[in-house]
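Hi,

Here is the structure I promised to pass on.

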Amino acid sequence: MIVGSQKSIDEIWDMIKGFKKVLVFGCNTCVAICHAGGEKEAETIATLLRMRAAQEGKDIAVDFSSVMRHCEPEYFEPVMEDLKKYDLILSTACGVGVNFLSDRTGTIPVYPGVNTSFYGAVESPGNFVELCAGCGNCILHLTGGICPIARCSKTLMNGPCGGTNKGKCEISKDVDCAWYLIVERMKKLGTLEKLAEIQPARNWSTSRDGGPRRVSLEHIRAYEEKEAANTDSAGGKK
Amino acid sequence: MAAESAIKMKGTHLQRVAALKETRPYSPCRAACPVNTDVQAYVGLIAQGRYNEAFEVIRSVNPVASVCSLICHHPCERACRRCSIDEPLAVRPLKRFALEQASEYRRDRRALVEKTRDRSIGIIGSGPAGLTAANDLADLGYKVTVYDRHPALGGMLVSAIPAYRLPREALKEDIDDVIAKGVEVKTNCEIGRDISMKELSEKHDAILIAVGLSLSRSLNIPGVEGPGVMLAIPFLEDVAFDRKPDLGKKVLVIGGGNVAMDVARSARRLGVKNVEMVCLEGPDEMPAWKWEVEEATEEDIKIHHRWGPKSVVREGAKVKGLEVVKVLSVFDSERRFSPTFDQNQTTVIGADTIIITIGQMANVSFLKDTQVRIDDRGRVVWDPKTQMTGAKGVFVSGEVVTGPGAAIQAAASGHRSALAIHLYLQGESIEGKLPTYEKEKISDMPADVASKIGREPRMKLRHLPPKVRCESFVQFESGYDEKTALTEAGRCRGCGGGAVVDAKKCMACLTCQRVCPYGAPVVSAWSEIRPEFCQACGLCAPECPGQAISMVSYDVREIRDTMASIVGAVEPKRPDPVIVAFLCMRHMGTSGFSLPDNVRKVPVHCTSRIDIIDILKAFECGADGVAVVRCSTETCKYKGIEDRVSARVDRAKQLIGMLGMEAGRLEIMNSDSGAENPYSGVCAGFSGKIKQMGLRTNK
């Protein structure tokens with residue numbers, strides 16, 4: 001899931017204070033699970049912003065609502081008309097949701113209420129950890145299921161650096177050395193010798209280095225495009 | 001107590017809850033009630049001091065509510081899931097309490113129902129079945145006339161239930177509710193004597209026979225004819241209408257059922273010191289309720305068990321006693337009633353008067369020469385699927401066809417007949433449309449849940465001492481006072497009132513599963529909260545990040561949505577700080593509400609239901625300080641909630657800190673359960689601290 005954390009009320013206030021009618025718009029999937037931007041947090045932020053507006057003597061109406069996901073257009077459809085009543089939408093979805101929604105709201109700005117952090121897991125309640133960097137070329141089968149790209153501070157591909165120290169990374173004693181973990185895991189799995197195999201140089205074009213990415217499933221697209229071609233602008237079959 | 005605002009919610013929250021509950025398994029108490037009274041709902045409302053709403057819940061399904069509050073055999077209590085912890089909830093006494101508290105409201109709400117339908121129904125008999133049907137049909141806008149042969153309405157309730165159990169004033173409340181709707185009443189009017197069935201069918205579009213079982217069965221034994229031998233119903237009628245029967249010095253009651261108990265205990269109250277009973281059954285076989293037997297025993301009524309009547313012994317015309325024969329067994333191997341006797345073992349129990357109380361039957365002589373068919377055993381032939389007799393438009397209800405039962409069972413039958421009549425008059429089919437009152441119910445309390453629930457003794461009812469109560473027909477049971485009632489209501493585990501997940505909002509995040517102390521939620525594609533585990537504490541709802549959890553028994557948004565009116569106007573130059581105090585009602589009793597005006601009270605059944613947003617809302621509405629006052633860990637009705645609530649308060653402190661507010665404006669504290677008012681001290685102390693801190697101001 002995508003992990004995010006709420007922006008401070010001060011930062012949000014600076015974004016919204018010039019507007020009159022603001023909607024704090026929650027997303028009830030990833031950011032809800034990490035207690036950053038689900039409906040509950042959207043209502044909490046809305047309440048705090050109204051209190052702040054009262055403190056500052058500003059006349060700003062702040063409401064809240066939410067949908068299940070901000071990253072698929074169908075979820076917006078039932079609320080699109082409601083969204084148009086506001087002059088600012090503060091989305092508490094991840095950056096994906098903010099982008100995706102702002103493409104659809106015309107002249108109404110969509111601002112972020114959450115800092116999108118990483119792809120992560122719920123290690124324990126309230127504890128979220130980054131485990132994948134979305135590089136587009138997965139090698140976890142070669143590294144004992146531990147990703148050096150996401151979990152090594154330097155994204156090293158060929159073993160630990162000189163900063164490894166009794167299993168910890170030099171940046172902090174609270175951060176594990178990913179390569180230490182990889183070696184220990186592969187010992188346990190009995191696959192340590194795999195590390196000796198020579199790997200070709202990595203192609204980073206599948207990651208951010210290749211520019212904005214898109215996954216297009218031909219088998220689904222072909223059908224959808226055919227349907228679109230057979231449908232007139234009023235939605236009827238041609 | 002907030003009653004006015006609470007009643008206003010009638011059209012919204014209570015109805016929403018009722019509709020939601022229909023989609024879910026019933027609490028066992030509700031499923032056990034012959035009219036499915038929502039016990040959990042009204043007990044919950046009592047616990048919140050919302051007595052008028054509790055009355056509404058009760059009265060919505062039970063037109064003989066006052067009667068049931070005093071004499072119901074309360075199957076709800078036997079079904080109570082608290083039985084697997086300690087003792088069942090005292091449901092009947094709580095019902096009595098609610099009705100007593102709401103008596104003024106009840107009288108005020110009585111109103112004529114407009115007659116919107118030009119059809120008329122004649123109801124013969126005004127017992128619980130007839131009254132219930134009259135109530136329902138009047139509500140539907142029909143013209144209803146009730147006929148009763150007695151000078152007063154109520155059927156057996158007035159003529160055969162002694163006033164020490166059912167004071168006439170209580171019965172009158174139920175009757176007045178029905179009459180007020182515009183039901184016409186013809187008392188002292190016996191069908192077949194004062195008016196014929198034919199005349200009745202000409203006058204009305206439908207007729208309901210609800211005459212109950214008004215004839216006592218007698219015994220076919222030597223000596224039974226003649227003075228000194230009475231039948232139960234005529235005797236009880238004499239008692240009811242103050243025609244004092246001459247009983248002599250010693251009364252012997254034949255029978256071991258509840259009517260026999262009424263007879264024997266009435267005889268004691270007529271001044272007979274020596275009252276004995278004789279029955280076929282042993283102590284554990286008697287059909288009378290156990291408590292009736294215990295109370296009769298307290299009143300010095302001796303019971304001769306396992307003797308069967310053989311002959312009435314007379315000296316001349318005067319009764320001297322009853323010859324009885326030893327019973328060998330009462331039931332056969334298949335538990336069918338089939339007594340066997342040892343004819344060699346007999347004795348005589350002396351008595352001046354013998355009262356036979358061995359069962360009743362219906363008096364249906366007025367149906368002779370009508371199209372209503374009577375079978376060879378003297379019973380009305382009817383179709384239980386339509387409540388109709390063989391005669392078109394003539395319906396039947398209550399004990400006359402169901403056989404002996406409780407008032408609330410007759411009321412259920414009355415509901416069915418009323419609907420049947422309505423459908424019939426609308427020209428619609430009836431079959432399959434009448435309520436069966438058989439609903440899926442929540443299963444037993446899982447053992448690991450029961451083990452997490454503290455034992456709390458059931459609140460006892462006070463009875464007049466046996467010596468005093470035998471001196472008159474004064475009601476011998478005292479109802480609960482408010483403190484006792486609120487304590488007892490707090491024992492309810494809220495079965496069926498717990499958490500419900502809106503699958504459209506749930507993202508299966510596992511939060512509820514992690515926080516629930518009872519293991520109720522199971523999360524797969526979405527969370528399902530198992531009602532047999534849920535204790536309705538409300539801990540999960542405020543934690544749900546998708547706000548997908550609601551509580552059946554209360555509105556999770558109620559506090560924040562009504563906070564502005566709770567806080568009210570906040571004057572800029574207020575002498576004292578405005579404090580919003582969330583108060584655990586656990587020890588609130590009646591005094592908890594008496595706090596200074598600057599403390600705005602938000603009673604909650606447990607602090608576990610308080611949401612961070614509720615707290616913020618209090619500040620938003622202008623509170624200078626917010627106190628969360630809980631009971632102690634030892635007394636908390638729920639387990640394992642304290643740290644979660646504290647964590648919530650800490651988070652709320654952080655959030656107000658982001659707005660530059662002092663964390664000290666919010667505090668969680670324990671109530672002083674030892675003090676007479678468990679809240680006044682802690683609230684005063686907190687109020688003082690906030691006063692020192694200063695009032696909040698906005699630009």
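Below is what I found, starting with where the chains meet.

First, some housekeeping: this is a predicted model, so local features need pLDDT of at least 70 and side-chain atom pairs count only at pLDDT 80 or more, while totals for chains, interfaces and linings use all residues. Residues are numbered from 1 along each chain as its sequence is written, with chains lettered from A and ligands numbered from 1 in the order in which they are written.

On the contact between chains, 19 residues of chain B touch 23 residues of chain A (in contact means C-beta atoms, placed from the backbone, within 7 Å). On the chain B side, α24 (612-620) and α25 (642-658) each supply at least two residues; helices here are DSSP runs of H or I with at least four residues, strands are runs of E with at least two, and both are numbered from the N terminus. The largest share, six residues, comes from α24(B). By class, that side of chain B has 11 nonpolar, three polar and five charged residues (Ala, Val, Leu, Ile, Met, Phe, Trp, Tyr, Cys and Pro count as nonpolar, Asp, Glu, Lys and Arg as charged, and the others, Gly among them, as polar).

Now have a look at α25(B). Its buried residues are B:V645, B:R648, B:V649, B:A652, B:K653 and B:L655 (buried: 20 or more other C-beta atoms within 10 Å of its own; exposed: 12 or fewer; partly exposed: in between; C-beta atoms placed from the backbone). Down the axis of α25(B), the buried residues fall within an arc of 165°, so they line one face of the helix (the arc is that of the directions from the helix axis to the C-beta atoms). They pack against α3 (39-56) of chain A, and also against α24, β26 (625-630) and β27 (666-670) of chain B. The face turned away from the buried side carries exposed B:D643 and B:Q654. Just after α25(B), B:G660 has a positive phi of about 80°.

Elsewhere in chain B there is a hairpin, formed by β11(B) and β12(B) with five residues between them. B:R335 in the turn takes a positive phi of about 60°. Strands β11 (residues 318-331) and β12 of chain B pair in the antiparallel sense over nine bridges (pairing needs at least two DSSP bridges), and B:L322 stands opposite B:I349 in β12(B). Of the 14 residues of β12(B) (residues 337-350), one is buried, so the strand lies largely in the open.

Cheers

Definitions and conventions
Contact = placed C-beta atoms within 7 Å.
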